[in-house]
Amino acid sequence: MSLFYARQLLAGVFAAAALATVFGATAAKRDAGDFGPPQGAPIHAVLTSPPNVPPPTNRTKPAKVIVNLEVVEKSMPISEGVSYTFWTFGGSVPGSFIRVRQGDTVEFHLKNHPGSKMPHNIDLHGVTGPGGGAASSFTAPGHESQFTFKALNEGIYVYHCATAPVGMHVANGMYGLILVEPPEGLPKVDHEYYVMQGDFYTTGKYREKGAQPFDMEKAIDEKPTYVLFNGAEGALTGDRAITAKVGETVRLFVGNGGPNLVSSFHVIGAIFDEVRYEGGTNVQRNVQTTLIPAGGAAIVKFKAKVPGSYVLVDHSIFRAFNKGALAIMKVDGVEDKTIYSGKELDSVYLGDRSAGNLNAVATATAAAASGTLTLDHQVKAGQALFAGTCSVCHQANGAGLAGVFPPLAKSDFLAADPKRGIGVVLNGLSGKLTVNSSEYNSVMPPMNQLNDDEVANILTYVINSWANPGGRIFTEEVRKARAEKVGGASTRDH
């Protein structure tokens, strides 16, 4: 090696060492995070329910921040016509979003509502101290606990209950996020939203109606009935979808309460410009899908560039379309054909839990519960469900696809026995089939994600549409066929 290159190499090494010293010192100073005692009058933290996020702290100095959070055990819908007794921080799942600044001194008050049946506590992953606060916050029903901590490290952190059995408390919805802003705050964006995934374990099957208790065996076996964003199927769809406009920047604080599953978080049709993965300070750019561990979080940021409906999913994809891990972000604005020229096909992705016409399903559910269910109720509910479940293959007009999917319109197959559709939907159908003098040879899988009410309503809609013979399919008939495993599997019996 020449003397010139040796000198260049040494200069580079010394320069790198100097930069490492400077940046290392800056990082160490920030990581230490103790910016002295609180200044000014105490501040009461603004807490928000999902998907809302409190405003930025907009402070340049550390403060004493008082957080008042109440544990409430309450029954809420987990899916349409399905209720579950959630244990909550602040009355919502996930719990209230907490926002403080690095260097703040946080005085935390945990209250357990007198109506609670269980003691609870809180473990905040942003706390440096035994149990993240759990050791100091064990609170019996009707009592209040208090402890104080210094927010030493910036980042987005999960909090959850850590009272035994810990898994059961978390599985019942006891988790949320706390953001510790860096001293200079986060860069300004147009929208901030709070989205948190969780897996839930009920004794009944997916979408089985009524009040569903927690199933400990399913939880231990890590076989969730539901995987959800913000505690309920459809919590962020239809009128509750999050929104933005073309040209606006969106920041999502995304957590994963678990208790068991890792999330593969993805927004269909968007690329994350930045991801602060694992809730830390490192940034990854141009990310398609980011992993969020149970008990972890991330901050994703992107600009809305094309109008339409964007679907948030756990890309372990059966969780999205068969367990409920699906949310919608609606973007309004002018199209840019240079970026995207195709037409929007919401029905392919959104499923039967996304649109305003879900109201018809809710109406039918309520009518069935009160014993006033009519043919019109069933047809309207079935139409809404058909749009998200069946129309992709059989088409919105029931015409099917030539040679592949048989028509449901003017179907001589259905006319011969309208109730035979029950077995087909429940158990699937494969092999050659002749409908309206044309032969079809394809596979229809069992629609196991549909409950008995939904099967009855969809089939009632079908046999009363497109010049079919009419009539009604009742939930009791579907329930009996399911128990007896009537029909399906092969066309040999048809």
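With a relative accessibility of 2%, Asn 112 counts as buried, since buried denotes a value under 20%. This residue of the predicted model lies in strand 5, which spans residues 105–112. The side chain of Asn 112 forms a polar contact with the side chain of Ser 116 at 2.7 Å. When residues up to four places away in sequence are not counted, Asn 112 touches Val 71, Met 118, Pro 119 and His 120, and also Thr 139, Ala 140, Pro 141, Gly 142 and His 143.

Lys 64 provides a second case. This residue is located in strand 2 (residues 64–79) and, at a relative accessible area of 28%, is partly exposed. A polar contact of 2.9 Å links the side chains of Lys 64 and Glu 107. Beyond the neighbours within four places in sequence, the contacts of Lys 64 comprise Pro 38, Pro 42, Ile 43, Thr 105 and Glu 107. For the pair Lys 64 and Ile 43, a separation of 21 residues in sequence corresponds to a C-alpha to C-alpha distance of 6.1 Å.

Gln 449 occupies the loop between strand 23 (438–444) and helix 11. Its relative accessible area of 16% places Gln 449 among the buried residues. Apart from neighbours within four places in sequence, Gln 449 is in contact with Tyr 206, Arg 207, Asn 322, Thr 389 and Glu 454.

Glu 454 also takes part in the contact between helix 7 and helix 11. The packing of two helices is described by the angle between their axes together with the distance between those axes. For helix 7 (residues 375–389) and helix 11 (residues 452–463), the angle is about 95° and the axes are 7 Å apart. The two helices, helix 7 and helix 11, are therefore roughly perpendicular to each other. On the side of helix 7, the contact involves Leu 375, Gln 378, Val 379, Ala 381, Gly 382, Gln 383, Leu 385 and Phe 386. Helix 11 contributes Glu 454, Ala 456, Asn 457, Ile 458, Thr 460, Tyr 461 and Val 462. By class, the residues of this contact comprise nine nonpolar, five polar and one charged.

At the level of the whole protein, twelve helices and 23 strands are present. Of the 494 residues, 50% are buried. Among contacts between residues at least 6 apart in sequence, 69% join residues at least 24 apart. The protein exposes about 22,500 Å², of which carbon and sulfur atoms supply 56%.

Conventions: Residues are numbered from 1 along each chain as its sequence is written. This is a predicted model: local features need pLDDT of at least 70, side-chain atom pairs count only at pLDDT 80 or more; totals for chains, interfaces and linings use all residues. Side-chain values use heavy atoms; hydrogens and water are left out. Helices (H or I, at least four residues) and strands (E, at least two) are DSSP runs, numbered from the N terminus. Buried means under 20% relative accessible area, exposed over 50%, partly exposed in between (1.4 Å probe, protein chains only). Contact means heavy atoms within 4.5 Å. Accessible areas come from the Shrake-Rupley method with a 1.4 Å probe; for residues, only the protein chains shown count as cover. Axes are lines fitted to C-alpha atoms, for helices over the stretch in contact, and angles run from 0 to 180 degrees between N-to-C directions. Angles under 35 degrees count as roughly parallel, over 145 as roughly antiparallel, 65 to 115 as roughly perpendicular and the rest as oblique. Ala, Val, Leu, Ile, Met, Phe, Trp, Tyr, Cys and Pro count as nonpolar, Asp, Glu, Lys and Arg as charged, and the others, Gly among them, as polar. A polar contact is a pair of N or O atoms within 3.5 Å; within protein, one must be able to donate a hydrogen and the other to accept it, and residues adjacent in sequence count only if both atoms are side-chain atoms.
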